[in-house]
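Subject: Handing over the model

Hi,

Here is the model I promised to pass on.

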Amino acid sequence: MTNLEIARIFSEIADILEIKGENPFKVRAYRRVTQLLESLPQSVEEIYKAGKLSELPGIGASIAEKIKELLETGKLSYYEELKKDVPPGLLEMLKIPELGPKTVSLIYNTLGISTIQELEKAAREQKLRKLKGLGPKTEENILKGIEFIKGREERIPLHEALTLAEDIITYLKEKCPINRISYCGSLRRRKETIGDIDILVTSPQPLKVMDVFTSLPQVEEVLAKGTTKSSIVVTGRRQVDVRVVGEESYGAALHYFTGSKSHNIRIRELGVKKGLKINEYGIFRKETEERVGGIEETEVFHWVDLPYIPPELREDRGEIEAAQRGELPTLIELEDIKGDLHIHSKWSDGANTIREIALAARERGYEYIGISDHSQTLKVAGGLSKEDFYKRLEEIRKVDEEIKGIKIFAGIEVDILADGSLDYPNELLKELDIVIASIHSGFKQDMETMTRRILKAIENPYVDIIGHPTGRLLGEREAYQVDMEKIMKAAKETGTALEINAYPNRMDLNDTYCRMAKEMGVKLVINTDAHHILQLDWIKYGVWTARRGWLEKKDVLNTFPTQEFFSLLKKKL
DNA sequence: GCCGTTTTCGGCCCGACTGTTTTCAGTCG
């Protein structure tokens with residue numbers, strides 16, 4: 001049983017307990033362990049076998065026992081029992097905005113409604129407003145909420161959310177007096193997908209900000225409008241929240257709205273132990289209510305005796321403990337990247353010539369690039385015939401000679417074919433400086449076959465890098481089944497690097513695998529897979545993913561200067 | 001259900017907004 005499968009069960013247990021009105025802290029315990037399992041780099045099964053389950057934070061005797069039962073029998077009697085009390089439709093109903101466990105429970109217990117369809121019917125027939133605490137407005141909101149979840153994508157990619165947030169910020173800055181402004185939430189933490197967008201503002205005219213915000217050109221619906229907080233739905237069914245605070249509170253609010261929720265809870269708990277109250281307005285002494293800080297975000301950490309923790313780490317995945325031990329990683333920065341090795345040119349399906357790419361990269365301050373076009377089998381993407389292979393190689397060498405101030409490596413993105421062999425023979429591969437091997441076909445093979453296939457590529461002495469190692473496309477295609485632990489072991493043994501593909505709908509490896517790679521001592525490379533020189537900018541998505549995976553400069557090969565970088569690639573036979 | 005150099009029992013983060021209420025519960029982040 002995988003970590004995610006177990007996490008799913010615990011998450012459902014938390015939902016059921018909530019509907020049943022159980023102790024909220026018990027619910028929290030299950031939510032916490034869900035999160036832990038979702039982001040755990042190692043398999044929980046391995047940890048269990050090593051007898052170290054209880055060492056994980058948030059796993060005590062009771063949950064450890066449940067994990068054991070799940071791993072050994074594939075079932076959990078406690079969960080099976082719980083499910084008897086609560087129809088599955090109620091859990092679906094929880095996903096409707098503004099509809100929480102109390103209301104769901106009330107509706108179920110009084111009207112016997114247990115599916116969204118029944119709920120919708122009852123709302124239309126105005127039966128809900130008869131219940132205590134519910135009225136016509138709630139009824140209307142429930143109907144809207146049902147429409148809302150029908151129509152929207154669960155989460156949008158980081159790239160899309162970033163563009164939307166930046167547009168809104170630019171607009172607000174133009175139309176109202178604003179001192180400080182930032183997007184917060186999972187966007188600032190650079191999660192690969194974003195639910196809602198949160199924007200924090202300080203302004204001498206908060207009401208004006210509310211007015212402008214709720215009348216943005218892209219507004220489809222205003223969910224709430226207050227004096228300091230408003231929520232809207234914009235085109236594309238995305239919810240955006242804005243919050244205005246005083247200047248003295250900006251830092252505290254920035255921390256608060258950046259989250260994650262569980263990180264915040266941990267920080268506030270530390271505050272309580274020190275006799276402090278920490279909220280979005282500032283840091284206060286509990287006894288006297290005296291304000292001791294809040295202007296800058298760093299003050300929040302200072303007052304609970306921690307060094308600054310970058311937003312990308314704030315997931316309660318051990319960053320607070322690491323900070324307390326003084327062992328926070330010095331995260332890689334965008335400026336650390338010295339080159340991009342996975343760029344497509346006109347020779348395959350890219351939009352630019354080698355010369356254009358080299359000039360654009362030099363402009364960015366890169367020291368080197370790799371031109372890595374597709375190999376022959378990938379005809380849909382202009383894969384290079386053997387003849388073109390040599391012509392292109394010749395051009396790369398020529399342009400490299402002509403353009404000073406940047407080294408152009410001759411690369412390739414060679415296909416790993418269905419049987420694990422490569423799309424070019426070694427005689428061709430050895431002509432190149434850098435070989436990236438990737439999978440572009442046969443995604444549905446079973447885990448064993450797929451793993452063997454990649455291992456075979458890793459064992460090829462000419463393969464330096466495995467490109468987009470899990471093959472996922474966010475919102476389009478799941479990662480293929482693969483035994484990542486085996487792959488990473490082999491990568492380490494052979495000195496093969498794994499790619500963090502920064503293309504916005506890939507971000508592959510993901511953050512959790514980045515961290516696993518680091519812990520296993522595997523070399524990593526961040527590349528854009530750019531098909532146009534404008535896409536060279538997308539390197540930031542790779543760097544952000546790396547940061548979420550706790551990576552430092554030294555963990556990523558293309559932070560090293562040209563000669564050193566080249567010497568760190570796999571040693572050829 | 002978890003957790004502990006002030007605790008093995010009694011705590012467990014904090015506030016805004018809405019809709020239903022005449023002072024607050026539910027939901028959300």
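Predicted model: local features only at pLDDT ≥ 70, side-chain atom pairs only at ≥ 80, totals over all residues.

Residues are numbered from 1 along each chain as its sequence is written, chains are lettered from A and ligands numbered from 1 in the order in which they are written, and side-chain values use heavy atoms, with hydrogens and water left out.

**Domains 2 and 4**

Chain A is assigned domain 1 (3-151), domain 2 (156-244), domain 3 (249-325) and domain 4 (334-569); the bounds come from an automatic or database domain assignment. The C-alpha centres of domain 2 and domain 4 are 36 Å apart. Where they touch, eight residues of domain 2 are in contact with 10 residues of domain 4 (contact means heavy atoms within 4.5 Å). About 890 Å² is buried between the two, with 62% of that from carbon and sulfur atoms; buried area is the accessible area (1.4 Å probe) that two parts lose on being put together, summed over both. On the domain 2 side, His159, Arg190 and Glu192 supply 59% of the area buried against domain 4, more than any other three residues.

Between domain 2 and domain 4 there is one salt bridge (a side-chain nitrogen of Lys or Arg within 4 Å of a carboxyl oxygen of Asp or Glu). Arg472 and Glu192 form a salt bridge, at 2.8 Å from N to O. Helix 10 (residues 158-175) gives the largest share of the side of domain 2 that touches domain 4, namely three residues. Helices (H or I, at least four residues) and strands (E, at least two) are DSSP runs, numbered from the N terminus.

**DNA strand B**

A few phosphate approaches are worth a look. For Lys277, a polar side-chain atom lies 3.3 Å from a phosphate oxygen of DNA strand B. Among the elements that give two or more residues to this surface are helix 2 (24-39), helix 7 (101-111), strand 5 (219-225) and strand 8 (276-279).

**Other local features**

The salt-bridge count comes to 46. In one, the side chains of Asp316 and Arg266 meet at 2.8 Å, N to O. Asp316 is in the loop between helix 15 (297-303) and helix 16 (319-324) and Arg266 is in helix 14, so the pair ties together parts 50 residues apart in sequence.

Please check the backbone in these places too. Gly259 and Ser260 are joined by a cis peptide bond, with omega about -5°, and Ser260 lies in the loop between helix 13 (250-258) and helix 14. The Asp508 to Leu509 peptide bond is also cis, with omega near 5°; Leu509 is in the loop between strand 16 (497-501) and helix 22 (511-520). Asp305, in the loop between helix 15 and helix 16, has a positive phi near 60° despite being a residue other than glycine.

Cheers

Key: Polar contact = N/O pair within 3.5 Å; in protein donor to acceptor, adjacent residues only side chain to side chain.
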